[in-house]
Amino acid sequence: MRDRMEEILEQTGNFVKKELEQDSSGHDWWHIVRVTRTAKMLAMLENADEYICEMSALLHDVADEKLNESKEAGMDKVKSWLLLSGVDSKDQDQILGIIAEMSFGSGSGKPPVTLEGRIVQDADRLDAIGAIGIARTFAYSGWKGQLMYDPALKPRDQFTKEEYRNERSTAVNHFYEKLLKLKSRMNTEAAQVFAEGRHEELKRFLWAFDREWGFANESSFEESVGQRGVVSRIHVAFDASSSGSLKLMLRGKPDERVVSLEDNLMIGPLPDKQDAGSTAMRWNWFLGQMETSEERDDFKEMLMRAAIDWRTLPCQLAKYQLGGVGKRIRVRANGA
Ligand code: ADP
Ligand code: NI
């Protein structure tokens, strides 16, 4: 019996490999290999039927709507293969059920009915996040002919299935529209554990992408990838020691940023490391640019907002208005 199952698994692998070999949309054979390995491991951890998980994982993308004329044509392909390879009829039904749920039911939001189905869905979702998920997203975008990022196209909060498939979007938007939501949608506890680290990888990537996109860019605030929650908090530090300890404390939290008045890309006279009083001098210089205390308070608030990309602060300062009263701020930036 064991041998027979192994033989079926091997033949099914060969069949799927032939079917998907030419694919460049992120459903290539190696995607199947990874999902199958993950599904097997999850099956072990969750005490599920390994054979059913492995078979369903191998076949899960053969029926994909994007790669077939229709969903039905895709399902027929899987059905014929199961018949041909002599899979036990009870197993056939279970495998077909799992694949149908994954291709048809994934939009319904309901988890698959069997543990094996929930596991294969988790394994497929794990391959959509983390470093590999990032790579697949850009590969898919290239295949579809969409841009990696366009600041003018904001991520959509809600969309129908047709809008999702057919409207113009970008690879980066896909993170906000889908990938960042997958962590909380894992069915099994084992998959939730693996999703944690991969989710962090997505956030780290977006953070770095955003920084590079904003580099030397006057409009970086408006163009920021991160307006949807990548930067959740900005801390403004007024001296070197609090900035140092804040940065240390917030290590590994890329969504929280520390901006320090000590950073030498700030405007105004630079503080002198030798002279402890020079930071205070610098801060006073800032405040000296303001006429009223109201203006000062507004300035601090504005500083925090502009700090989202503080490297372009001199440019930002000229653009931001104080407290909505329409007054232009009169700060002269170094060299800007
Ligand atoms: P699977 O069927 O393997 O679950 P999908 O067919 O949904 O995956 O997508 C294949 C890969 O392409 C995934 O990594 C997914 O994140 C990515 N992808 C799907 N839709 C988009 C899109 N609109 N923009 C960018 N990447 C996408
Ligand atoms: Ni898949």
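## Ligand shell and aromatic pairs

The model described here is predicted.

| Side chain | Distance to an oxygen atom of ligand 1 |
|---|---|
| D124 | 2.7 Å |
| H31 | 3.1 Å |
| D64 | 3.5 Å |

Ligand 1 taken alone exposes 540 Å², of which the protein buries 92%.

Attention now turns to the aromatic rings. The whole structure contains nine aromatic pairs. One of them is the stacked pair of F15 and W81, with 4.5 Å from centre to centre and 0 degrees between the planes. Because F15 lies in helix 1 (residues 2–20) and W81 in helix 4 (residues 71–84), this pair ties together parts that are 66 residues apart in sequence. F15 and W81 are both buried.

F175 and F205 form another stacked pair, at 5.7 Å centre to centre and 15 degrees between the planes. This pair links helix 9, which holds F175, with helix 10 (residues 189–214), which holds F205; the two residues are 30 apart. F175 has 0% relative accessibility and therefore counts as buried, whereas F205, at 25%, counts as partly exposed. Ring pairs join F175 and F205 with F138, Y149, F209 and W213 in a cluster.

Terms used:
Residues are numbered from 1 along each chain as its sequence is written. Chains are lettered from A and ligands numbered from 1 in the order in which they are written. This is a predicted model: local features need pLDDT of at least 70, side-chain atom pairs count only at pLDDT 80 or more; totals for chains, interfaces and linings use all residues. Side-chain values use heavy atoms; hydrogens and water are left out. A polar contact is a pair of N or O atoms within 3.5 Å; within protein, one must be able to donate a hydrogen and the other to accept it, and residues adjacent in sequence count only if both atoms are side-chain atoms. Accessible areas come from the Shrake-Rupley method with a 1.4 Å probe; for residues, only the protein chains shown count as cover. Rings of Phe, Tyr and Trp (its six-membered ring) pair if their centres lie within 6.5 Å; planes under 30 degrees apart count as stacked, over 60 as edge-to-face and the rest as tilted. Helices (H or I, at least four residues) and strands (E, at least two) are DSSP runs, numbered from the N terminus. Buried means under 20% relative accessible area, exposed over 50%, partly exposed in between (1.4 Å probe, protein chains only).
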